[in-house]
Amino acid sequence: MLGGADKSNGDLGTYITGADIIAAVKSWLRLAFGRELSAVEEVAGWSTELQQILGQIQKSEAYEIHAERVAGHPELFQPEVLQRLCASREVRGWEYVRAQDRREALSHRFAQLFETCDLLVMPTVAIRAPNLYERTIYLDGRAREVRDTLLSLTSIWNLLGLPAVSIPCGLLDGLPLGCQLIAAQGRDRMLLDAAQQLLAAGR
């Protein structure tokens with residue numbers, strides 16, 4: 001779920017459903033904004049591609065920084081980190097270059113989107129808080145890595161260089177929920193002002 005505030009107005013893991021998160025956040029936003037927000041359908045497709053782009057850029061750059069230490073002193077790394085770094089060296093040079101080009105193209109699309117809306121609004125995290133040391137969860141019937149899922153809705157804004165802020169928006173099954181606001185480049189002050197207003201309205 002991604003909404004736009006327009007200018008005109010256990011053992012193997014925990015089973016969870018993304019619909020629960022979306023419904024709870026939408027309900028809080030409806031109260032805070034005083035109306036239903038319009039959905040921005042195309043962003044879901046862009047988000048999927050941005051996740052892939054981020055993975056290729058992040059892996060390539062992380063391995064470039066640690067390549068010598070991985071080769072000469074692998075014992076210095078925690079096993080889980082070492083495994084991710086070793087997998088990162090599989091990214092080819094042309095894939096890295098292509099990912100950078102696609103990032104620029106999608107950054108331009110988001111700039112165009114912000115010509116018609118001030119903010120994008122969405123859940124901060126796609127799941128409820130996982131158990132400590134839990135590595136795998138089941139989200140909507142599919143097994144997913146906890147680390148990747150926790151970062152899935154926030155990391156793409158870092159990739160695009162867009163300002164974003166997360167604010168608390170109630171509870172679900174006794175656990176806190178977060179709602180994030182994203183704005184166009186350079187609109188940090190407007191973003192923080194909007195977050196403060198929403199916090200006051202949602203109380």
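## A hairpin and its turn

Begin with the hairpin of β5 and β6, where 2 residues lie between the strands and D140 takes a positive phi near 50°. The model shown here is predicted. In general, most residues other than glycine have a negative phi.

Next, select the two strands themselves. Strand β5 covers residues 136-139, and strand β6 covers residues 142-145. The two pair in the antiparallel sense over 4 bridges. To see one of these pairings, select Y138, whose bridge partner in β6 is A143.

Now display the side chains of β5. Which residues form its covered face, and which its uncovered one? I137 and L139 make up the covered face of β5, whereas T136 and Y138 make up the uncovered face. This can be set beside a general rule: in a regular strand the side chains alternate between the two faces of the sheet.

Move to Y133, which lies in the loop between β4 and β5. Y133 is not a glycine, yet its phi is positive, near 70°. Is Y133 buried or exposed? Y133 counts as exposed because its relative accessible area is 66%, and the cut-off for exposed is over 50%.

## A second hairpin

Select β7 (164-172) and β8 (175-182). These strands pair in the antiparallel sense over 7 bridges.

With a relative accessible area of 59%, D173 is exposed.

How far apart are L119 and I182 in sequence and in space? They are separated by 63 residues in sequence, but their C-alpha atoms are 5.6 Å apart in space.

L119 belongs to strand β4, which comprises residues 117-123. The relative accessibility of L119 is 5%; a residue counts as buried under 20%, and therefore L119 is buried.

## Two packed helices

Select helix α2 (residues 42-72) and helix α4 (residues 93-113). In general, two packed helices are described by the angle between their axes and the distance between the axes. What are these two values for α2 and α4? The angle is about 145°, and the axes are 9 Å apart. The crossing of α2 past α4 is left-handed.

To view the contact, show the side chains of α2 that take part, including V43, W46, L50, I53 and I57. From α4, show contact residues such as Y96, A99, L106, F110 and L113, which are among those listed for that helix. The contact residues of α2 and α4 comprise 10 nonpolar, 3 polar and 7 charged. Among the contributors are also E42 and E49 of α2, and R102 and R103 of α4.

## The whole chain

Finally, clear the selection and view the entire chain. The chain contains 7 helices and 8 strands. Along the principal axes, its C-alpha atoms fill a box of roughly 60 × 40 × 30 Å. Of the 203 residues in the chain, 38% are buried. The accessible surface of the chain is about 11800 Å², and carbon and sulfur atoms account for 53% of this surface.

Conventions. Residues numbered from 1 in each chain as written. Predicted model: local features only at pLDDT ≥ 70, side-chain atom pairs only at ≥ 80, totals over all residues. Heavy atoms only, no water. Buried < 20%, exposed > 50% of the residue type's maximum accessible area, 1.4 Å probe, protein only. Axes fitted to C-alpha atoms, helices over the stretch in contact; angles between N-to-C directions. Left-handed = near helix turned anticlockwise from the far one by under 90°. Contact = heavy atoms within 4.5 Å. Nonpolar A, V, L, I, M, F, W, Y, C, P; charged D, E, K, R; others polar. Pairing = 2+ DSSP bridges. Areas by Shrake-Rupley, 256 points an atom, 1.4 Å probe, with all protein chains shown as cover.
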